[in-house]
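Please examine the structure shown below. The report that follows describes how its parts are arranged.

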Amino acid sequence: MDAMRLIEATRRALARSQEPAVIVAEVWQSQALAQAIGHRLAVAGPPELRGEALGLSELSGRGCGLLDPPRSEAEDIRAAGLTGIGDAHDTLLGLGALLAEAGIALVSVAMSADDEGLYWQCMESIDAADESRDRVVEMLRKLAARAGEGACDRCGGTVLGG
């Protein structure tokens, strides 16, 4: 499945999540997808993105390691179905939005956590999602610079509000 379809499926699943354990599982899915996209861009993406993409893959992998993986079968891991990136710009915009939503969802879990361990797990995962998003923003800036103007025509001159 292409990256945009996986991003949208993950965004929908995260938005539907109500229980803290389900939210954490969906954030894990988000980080796993960011890791897979970062890896794919590091290997076969535009050359100017490869360093940042490798960093994204590493940071997102750390984000996965901070959270308990979903209790499901391997085929339920959405990132495993990644077949292609498509348009890097659109994919990065979608991924940036997903990572922002994941961070916000973790804030709600942390605020309601009765367990101190879950609270700190969420706080560290929020940091990982923010750092991953920072890498996405930097890749979008590099794509915009390559386009010549330093601003992103398709997103009104801004890059994810950054």
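## Helix 4 and helix 5

Helix 4 and helix 5 (residues 116-147) pack at an angle of about 160 degrees, and their axes lie 9 Å apart. Axes are lines fitted to C-alpha atoms, for helices over the stretch in contact, and angles run from 0 to 180 degrees between N-to-C directions. Helix 4 is therefore roughly antiparallel to helix 5, a term for angles over 145 degrees. Helices (H or I, at least four residues) are DSSP runs, numbered from the N terminus.

The crossing of these two helices is left-handed, which is the case if the near helix is turned anticlockwise from the far one by less than a right angle. By class, their contact has 20 nonpolar, 5 polar and 1 charged residues. Ala, Val, Leu, Ile, Met, Phe, Trp, Tyr, Cys and Pro count as nonpolar, Asp, Glu, Lys and Arg as charged, and the others, Gly among them, as polar.

## Basis of the model

The model is predicted: local features need pLDDT of at least 70, side-chain atom pairs count only at pLDDT 80 or more, and totals for chains, interfaces and linings use all residues. Residues are numbered from 1 along each chain as its sequence is written, and side-chain values use heavy atoms, with hydrogens and water left out.

## Helix 2 and helix 4

Helix 2 (residues 20-44) packs with helix 4 (residues 88-112) at an angle of about 155 degrees, with 10 Å between their axes. Helix 2 is therefore roughly antiparallel to helix 4. Their crossing is left-handed. Residues making the contact (heavy atoms within 4.5 Å) include Ile 23, Val 27 and Ile 37 of helix 2 and Leu 92, Leu 99 and Val 109 of helix 4. By class, this contact has 17 nonpolar, 4 polar and no charged residues.

## Gln 121 and the cysteines

Gln 121 is found in helix 5. Its relative accessibility is 15%, so Gln 121 counts as buried, that is, under 20% relative accessible area with a 1.4 Å probe and protein chains only. Leaving aside neighbours within four places in sequence, Gln 121 is in contact with Leu 66, Leu 67 and Asp 68.

Cys 64 is buried, at 9% relative accessible area, and Cys 122 is buried at 0%. A search of the whole structure finds 0 disulfides, meaning pairs of cysteine sulfur atoms within 2.5 Å.

## The chain as a whole

The chain has 5 helices and 0 strands, in the pattern α-α-α-α-α along the sequence. Of its 162 residues, 46% count as buried. Among contacts between residues at least 6 apart in sequence, 76% join residues at least 24 apart.

Note on methods
Parallel < 35°, antiparallel > 145°, perpendicular 65-115°, else oblique. Buried < 20%, exposed > 50% of the residue type's maximum accessible area, 1.4 Å probe, protein only.
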